[in-house]
Amino acid sequence: MTDFRLLAERYATELTADLLAGRRHPGERLPTSRDFAHRQGIAPSTASRVYAELVRRGVAVGEVGRGTFLRAPEDSAPGGPAGHGLPALPAREMKPDGITDLEVNFCVLPEQAALLAPALARLAADPAALTEAMLRAEARGTAACRAAAAALLARGGWTPEPERLLFAGRGQQALAAVFSALVPPGERIGFEAMTYTMAKGMALRLGLQPVPLAMDAHGLRPDALLAAHRAHPLRLVYLQSELHNPLGITMPPARRQELAALLRELGITAVEDAVYAFLAEDAGAPLAALAPEHVVLVDSLSKRVSPGMTLGFLVVPPALRHRLAAALRLGGWTAPGFALACGRAWIEEGSVAELVRHKQQDAQARNALARQLLGEAGLSLRGDPRAYHLWLDLPGGWRAETFVAAAARRRIAVSPAAEFTVGSGHAPDSVRLALAAPPAAALRPALETLRDLALAGPEAGGVE
């Protein structure tokens, strides 16, 4: 390791410790590289390389003409991303008590425990079924599980063939299995220019090279996919066709048809993340229905039911079935038998469908409240009114990281655009508002606080 990397690692560790201890705050400006060079007694060129390394590690974000700013606290555990030179993901579990969390987007409704309990009671009362649930499960599950999952995932006139179904412990594990099975380390994987943070992080941790693909108002641009693949072949493309996270875009049918045709023409496989599609009652047929031999569809019960009791689904091309099943097994990502049994029961008995109806209504109500409080005040919001998240473009003068820091001082957690940006390009001065997690009584005052903060400007934000 060269001297500048040793210095960057030491400085990154110090900054991370200060952030986690509250001695420093996200959005704070670091000294200029010239000042840093003077303080450390090193050459300005070495200081510039140290700062570039901090940005690459995800500890800081550099903005041309503005400076270098601290990002949110990162995972600095031994052997973690800092040790491998990979950007870390925000340490969301480390929030102190009393924070209104508009970062995570899991919704657990007050009434859902009572809705799910009867199936659990019946399973516990059936010794044979409970014994079966305690056995080791295979990635393909049982025929009954596959049939139930196929019925759950059906939409837009499409129902997946049950034999194409595989199961993971959760949707994130399904993504990890697909990435690890289909993209060798060092190879390129295409992402929409703004994408799901965890998917991008998984690719980096697996040693893959994320490639940003331009988007427009209809989602991923086919010409961007074509150009990137022609420049240097992509091994896989990750995309979201319904209620995109973070932008809320839903691809129109014509765009899906165009992308499906391009996947067939180029022979590329896409992984289609459909985890939010259930919120759209009129969701159209997925990309997997249009190019079934070139798309792996991934979904789960994490949003429909809960993150604590979930199940991941993969709809896979037959040619990839054995390879993906092996990846699930070898990665330790297969679904537990108990989760399969519970998921099947909840689907067959209608509990999941009932929860979906409740959550569709809840998402629309929370979204409407945010639009009323923020949009009607003149702030720029983007997203689908059916989604649990919205994209807030900050008024002039605000930087995303500074706004996040100012919100944190008011005990509200939001996500800056840089978390979702693929590549090293400039992130917009925007934040994602995840509306699902806070209790209803806490959501309104949090949104009102964010509205007042955004309108007041950075001078009133209280961040140096």
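What radius of gyration does the chain have, and what would a compact globule of 464 residues have?

**Figure 1. The whole chain in a predicted model.** The chain has a radius of gyration of 23 Å. A compact globule with 464 residues would have a value near 23 Å, so the two agree. Along its principal axes, the C-alpha trace spans about 70 × 50 × 45 Å. The secondary structure comes to 17 helices and 17 strands.

**Figure 2. Inside and surface of the chain.** Of the 464 residues, 55% are buried. Among contacts with a separation of 6 or more, 71% join residues 24 or more positions apart. The chain exposes about 19200 Å². Carbon and sulfur atoms supply 55% of that area.

**Figure 3. Charged side chains.** The chain carries 49 positive side chains and 47 negative ones. The centres of these two sets lie 3 Å apart.

Figure 4. How many disulfides does a search of the whole structure find? The search finds zero. A disulfide is a covalent bond between the sulfur atoms of two cysteines. For C145, the closest cysteine sulfur is that of C342. The distance is 10 Å, which is too far for a bond. C342 is likewise in no disulfide, with the sulfur of C145 as its nearest cysteine sulfur. C145 counts as buried because its relative accessibility is 7%. C342 has a relative accessibility of 2%, so C342 counts as buried too.

**Figure 5. The loop between β9 and α11.** Strand β9 covers 236-239, and helix α11 covers 253-266. P246 is found in the loop between them. The peptide bond from N245 to P246 is cis, with omega near 25°. L243 is found in this loop as well. Phi of L243 is near 50°, a positive value in a residue other than glycine. Most residues other than glycine have a negative phi, and most peptide bonds are trans. Is L243 buried or exposed? L243 is buried, with a relative accessible area of 0%.

**Figure 6. R411, between α16 and β15.** Helix α16 covers 400-409, and strand β15 covers 412-413. Where is R411 found? R411 is found in the loop between these two elements. R411 is not a glycine, yet its phi is positive, at about 65°. The relative accessible area of R411 is 40%, so this residue counts as partly exposed. L243, by contrast, is buried.

Key
Residues are numbered from 1 along each chain as its sequence is written. This is a predicted model: local features need pLDDT of at least 70, side-chain atom pairs count only at pLDDT 80 or more; totals for chains, interfaces and linings use all residues. Side-chain values use heavy atoms; hydrogens and water are left out. Helices (H or I, at least four residues) and strands (E, at least two) are DSSP runs, numbered from the N terminus. The radius of gyration is taken over C-alpha atoms; the globule rule is 2.2 Å times the number of residues to the power 0.38. Buried means under 20% relative accessible area, exposed over 50%, partly exposed in between (1.4 Å probe, protein chains only). Contact means heavy atoms within 4.5 Å. Accessible areas come from the Shrake-Rupley method with a 1.4 Å probe; for residues, only the protein chains shown count as cover. Lys and Arg count as positive and Asp and Glu as negative; His and the chain ends are not counted. The place of a charge is taken as NZ of Lys, CZ of Arg, CG of Asp or CD of Glu. A disulfide is a pair of cysteine sulfur atoms within 2.5 Å.
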